[in-house]
Amino acid sequence: MTAIETLAPKPEILGSRDSFVAALKKLLPARAVVADEAGRRAFETDALTAYKCMPLAVVLPTSTEEVSAVLRFCHLSKIRVVPRGAGTSLAGGALPSEDAVVLCLSRMNRVLEVNFDSRYIRVETGITNLGVSNAVAPAKFFYAPDPSSQLACTIGGNIGMNSGGAHCLKYGVTVNNVLGLKMVLMNGDIVEIGGPHLDAAGYDFLSLVIGSEGQFGIVTEATLRILRQAEGARPMMIGFDSAETAGACVSAIIGRGILPVAIEYMDRPAIKVCEAFAHAGYPLDVEALLIVEVEGSEEEIASLLEQIAEIAAEFSPQTLKVSQSAAESAAIWKGRKSAFGAIGRISDYYCMDGTIPLAKLPEALRGIADIGQHYGLTVANIFHAGDGNLHPLILYNANDAEEKRRAELCGEKILKLCVALGGCLTGEHGVGIEKRELMSVQFNEVDLAQQMRIKSVFDPEWLLNPGKVFPLKAQEAFLIRAAR
Amino acid sequence: MQHVSETVFPASEAEVSDIIADAAARSLPLEICGNRSKAAIGRPLQVSGRLSSRSLSGVTLYEPNELVIAAKSGTPLAEIERLLDSNRQQLPFEPCALERAVNPDGREPTLGGAVAANASGSRRILQGAARDHVIGVRAVNGAGEVIKAGGRVMKNVTGYDVARAMAGSWGTLAFMSEITLKVLPKAEETRTLICLNLTDEGAVSAMCRAMGSAYEVSGAVHLQRPFAERLTLADVASLGQSVTALRVENFSSSVDYRIGKLHQELRPFGAIYELDDERSRAFWADIRKMQFLSDGEWPLWRITTAPDQGARLVSALLGQMDCRAAYDWSGGLIWLEVPPASDANATLLRRVIAEFHADAMLIRGSAAARASVDVFHPLAEVNMTLIRRLKEAFDPQRILNPGRMYAGI
């Protein structure tokens, strides 16, 4: 995984840059085309900041028709296109290539329709995740998937990566909360998939498009399921002296038929950093901290927390504390949700995103500690424990090339461990460029070829978000075979 | 219509792979099936052989504490549900017994069939469809290649979501050999409030009101009187009125509280009848088994639309034809029985619903009708192109259930 290779740019495209930019400026209003160096600089990377590349040009369309015009032109000219929302991908999902036009949807951020009776909202996909919930909050509704970056990340990006969040244990991830899409294919055709109704006819293209990392089309509108907010919610914190007991406690809670809205796990290094940042009152003397949140009326919350406390008591927790106020609850979540930022204050880090079967948690954490030690690096672990999604944060110094290399090797080993334990490479961040070469750890050639044939259904010439998701050699071999 | 020489019951995935590879080499079309309980749904097939999953049976993984179960595709659905039940868990999507509409003899559905049909029941509005709970699939594509997608963990975005896309593909993309599902705890208690004698429009308002509450209503059904009278739950059947039922499932203390609150929400809708735990379970079992349908000759359509459009859509249809409607999913799913006609009234029905965002699928119809009309809702040409190309990406020779969903696909 070291020094991730990028796709070789097409020289004929680079050579015709000026004429392409001129053509784009004819298709779109002048302010929608960014061609100068300073302007393009803002789009050279995403949240995987170790990798950067200046794109050919950037376009900021304001309508589906403009998107269609740009794609039709790029298709005819064989120009690669990299879709982008807010650029918060941790996997390099929005990393440009030198010969690609970045198509950024941030100016398409309107709410188009809200229907509380049928419980959906239709939006342009450049709207932020939190913007959707804010739009329906006055009526006490919300949009369920809540990635940590929800203040910035867009619905388009969420759809690309099938984003999750802390509360998806109860409410599901993006794919479970999208009813319909309007998408522009690479040839400029506009296709509508699903709508305000459930389980629309034909194959389940929603499942395929959501999580396709922008490689199937540019999604410009989405119809999203909105839900009525619970009457209230409250977290409790339970601290344990080992990963084993914390993991066993999570198993027991779920095994007894309780499905909290979230069960979050932090290990000692993560607790320390998050507490220093958020002053949430996290216990500092425990090895593992669970944040368990339940929802409902006052009485329901009290009853559920009591049941959970009784279960936890069987595992001799070191601390057990129910939030006493809205302010305290907010602080507890602030600490957890800003964990990445908090760790970013003290060190550069690689954020990993594997998933494991819950029962393997102790084994996984022991393995991660060993791997970290082997590479001489500290790893802090944050974990969506209810659904097995693990975020090891590998701390390193980005200015030290050798240490950066070790951090990447460390991450690779950790993800391979997740797969070996019966899990997967990525639970919610996506493959992007980051985990592309590891795909062959989880899938064999036949599996990958099947996925690549699906890619070709939508984008036969592989112009959309190129160089991501599949190992580069596998992509090349597939395209050579397909051309025969 | 069928010219089937034999049914093969492979006992291993490897055998399935050999059979399909051989059929592909000879371009021989195959019927892909489980126990054929839903064989009378879809366009009639013309195939030279039948490949059944029935001998691929058994649960291969069950971790109650991780909310995950995996089973071979030919496993009887009832076997899986019994196992889950003994651990106080369930399939959250409450598979709708579609087969009851077309197969009154009661052939047992398999897990593979339920997923292939994306058969989701009343709880779909709260917990999602079958496809929402598919987290992994092993399958054999139309070239005879064994493919795996997804896995056994519920959060997984590694590569495209191929496993989920198998749901609702009716055996036309691949032969599923093993399916991994997310499951959920079974609620401690179930209770149901029934509003009586509402018009369709009133019922949809009541259901939307309940669904928009914070009380996590897990079923919202409206049956016109003739449908209600066919239920096996005698006290509801004998009410002699239309019934609009709203279900709450949770811990007992929560159910008490939420039912009380819902009573208040529903006050504007008149008299309310309440079903306790036992009768609630019987009522929803009836709904799941589609006990409300006539067993007559009337073709049955399944229409999905936005919930608040349901009653208006039926009213528009009633302006054009005789028909009887039962509503599920808060009005978003309509089971519509229409008078017999050579085209099962497809032309007229689709003309009327074109005014709405709605899809209509013919569930029960004569083989002649199913051969001559679009059984699955016809889509725009750009969608059909994608459908054709996806079929080709899985089954280039078009040998797996060819034409079952759309002619030529």
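## Strands β7 and β8 of chain B

In this predicted model, strand β7 (residues 134–141) of chain B pairs with β8(B) in the antiparallel sense over five bridges; strands count as paired if DSSP finds at least two bridges between them. B:R138 stands opposite B:K148 in β8(B). Strands (E, at least two residues) and helices (H or I, at least four) are DSSP runs numbered from the N terminus.

Both strands belong to an open sheet of five in chain B, with the order β4-β5-β9-β7-β8 and antiparallel pairing. Its edge strands, β4 (59–63) and β8 (146–150) of chain B, each pair on one side only. Neighbouring strands of this sheet are turned by 15° against each other on average, direction ignored.

Residues are numbered from 1 along each chain as its sequence is written, while chains are lettered from A and ligands numbered from 1 in the order in which they are written. As the model is predicted, local features need pLDDT of at least 70 and side-chain atom pairs count only at pLDDT 80 or more, whereas totals for chains, interfaces and linings use all residues.

## Contact between the chains

Helix α17 (residues 445–458) of chain A lies across β7 and β8 of chain B, running at about 70° to β8(B). Axes are lines fitted to C-alpha atoms, for helices over the stretch in contact, and angles run from 0 to 180 degrees between N-to-C directions.

In total, 67 residues of chain B are in contact with 72 residues of chain A, a contact being two C-beta atoms, placed from the backbone, within 7 Å. On the side of chain B that touches chain A, helix α16 (residues 381–394) of chain B gives the most, with seven residues. That side has 31 nonpolar, 21 polar and 15 charged residues. Ala, Val, Leu, Ile, Met, Phe, Trp, Tyr, Cys and Pro count as nonpolar, Asp, Glu, Lys and Arg as charged, and the others, Gly among them, as polar.

## A helix pair in chain B

The axes of helix α8 (residues 200–211) and helix α13 (residues 310–318) of chain B come within 8 Å and cross at roughly 165°. α8(B) is therefore roughly antiparallel to α13(B), the term for angles over 145 degrees. B:D200, B:E201 and B:V204 in α8(B) meet B:G310, B:A311 and B:V314 in α13(B). By class, this contact has three nonpolar, one polar and two charged residues.

Key: Parallel < 35°, antiparallel > 145°, perpendicular 65-115°, else oblique.
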